[in-house]
Amino acid sequence: MTEPISPSAGSAERHGLHLTTSGAPEPALVEPSSFLGRRAQAEFEKGFRALDGIGQPAVTVFGSARTEPGTEEYELGVGIGAALVAKGFAVITGGGPGAMGAANKGAHASGLSVGVGIVLPNEQQLNPDLGIGVECRYFFTRKVMFVKYSDAVVVLPGGFGSLDELFEVLTLVQTRKIPWRPIVLVGRKYWGGLDAWIRETMLPSGKISPGDPDLYRLVDTVDEVMDLMPEHAVSQDGVK
Ligand SMILES: C/C(=C\CNc1ncnc2c1ncn2[C@@H]1O[C@H](COP(=O)(O)O)[C@@H](O)[C@H]1O)CO
């Protein structure tokens, strides 16, 4: 019989979970539903108030929290942030380190840089390169912010968090819950395996429609990213 998974103290610490005195990870979505509902509503209201201040077209940039400063990948993130603000977009990220910090850094030097952070146990605060910063308790509330306030999505190489955000946006566009917008994956080498699996396994299995792999594009350079950016804002109040 399979044992239920319960992280040992060691594995929880390795994965950044905060342990209570009982040895269980601090609850996230298991709080009483009345707390969850009220906290989520307050968080939406706080986030909307902060992000209503953007007042210009915006692009959300996702990517790994672990991308090291000084690497080629990090500099690409800085370059993309800088190019986006030069074209009149605000840049929205998860407000954390790595690729998020890179895009915010490039943007903050000469434009509006926005971070919608997540409060995580044992993690650092919002990165310093922000004109507007807001912190959330829940991943699901901040995903609404990323989508509601952006006209395009750029995804730098990343892990589970970036994939979660990418597939959230792809699903919303696929199901027409939000208007179409460019979804650009940066790094053909990094994303090529996922793209091949989507086209060669997911598509022939009938799990997606023939046009669905065209909902995203793979690129390598800042110029290629910029060539795909929209001329006009598409998403303000576009969440159905
Ligand atoms: C794990 C580390 C830091 C975590 N801090 C984060 N701060 C803000 N946003 C985050 C963080 N971790 C994940 N995210 C969100 O998911 C995406 C990155 O996840 P990935 O798994 O690293 O690809 C990112 O776009 C954020 O919105 C330090 O080691």
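Biologist: How many bridges join E1 to E2, and which way do the two strands run?

Modeller: Strands of a sheet pair through backbone hydrogen bonds, either parallel or antiparallel. Here E1 and E2 run parallel, joined by three bridges. Ala58 stands opposite Ala90 in E2. Two strands count as paired if DSSP finds at least two bridges between them. Strands (E, at least two residues) and helices (H or I, at least four) are DSSP runs, numbered from the N terminus. This is a predicted model: local features need pLDDT of at least 70, side-chain atom pairs count only at pLDDT 80 or more, and totals for chains, interfaces and linings use all residues. Residues are numbered from 1 along each chain as its sequence is written, and side-chain values use heavy atoms, leaving out hydrogens and water.

Biologist: What is the order of the strands in the open sheet?

Modeller: The seven strands follow the order E4-E3-E2-E1-E5-E6-E7, with parallel pairing. E4 and E7 (217–219) stand at the edges with a single partner strand each, so one side of each has no neighbour in the sheet.

Biologist: Which strands pair with E5?

Modeller: E1 (residues 58–62) pairs with E5 over four bridges, in the parallel sense. Val61 stands opposite Val154 in E5. E6 (residues 183–186) pairs with E5 over three bridges, also parallel.

Biologist: Are the residues of E5 buried or exposed?

Modeller: Buried means under 20% relative accessible area, exposed over 50%, partly exposed in between (1.4 Å probe, protein chains only). In E5 (residues 152–155), Ala152 and Val154 point one way, Val153 and Val155 the other, and all are buried.
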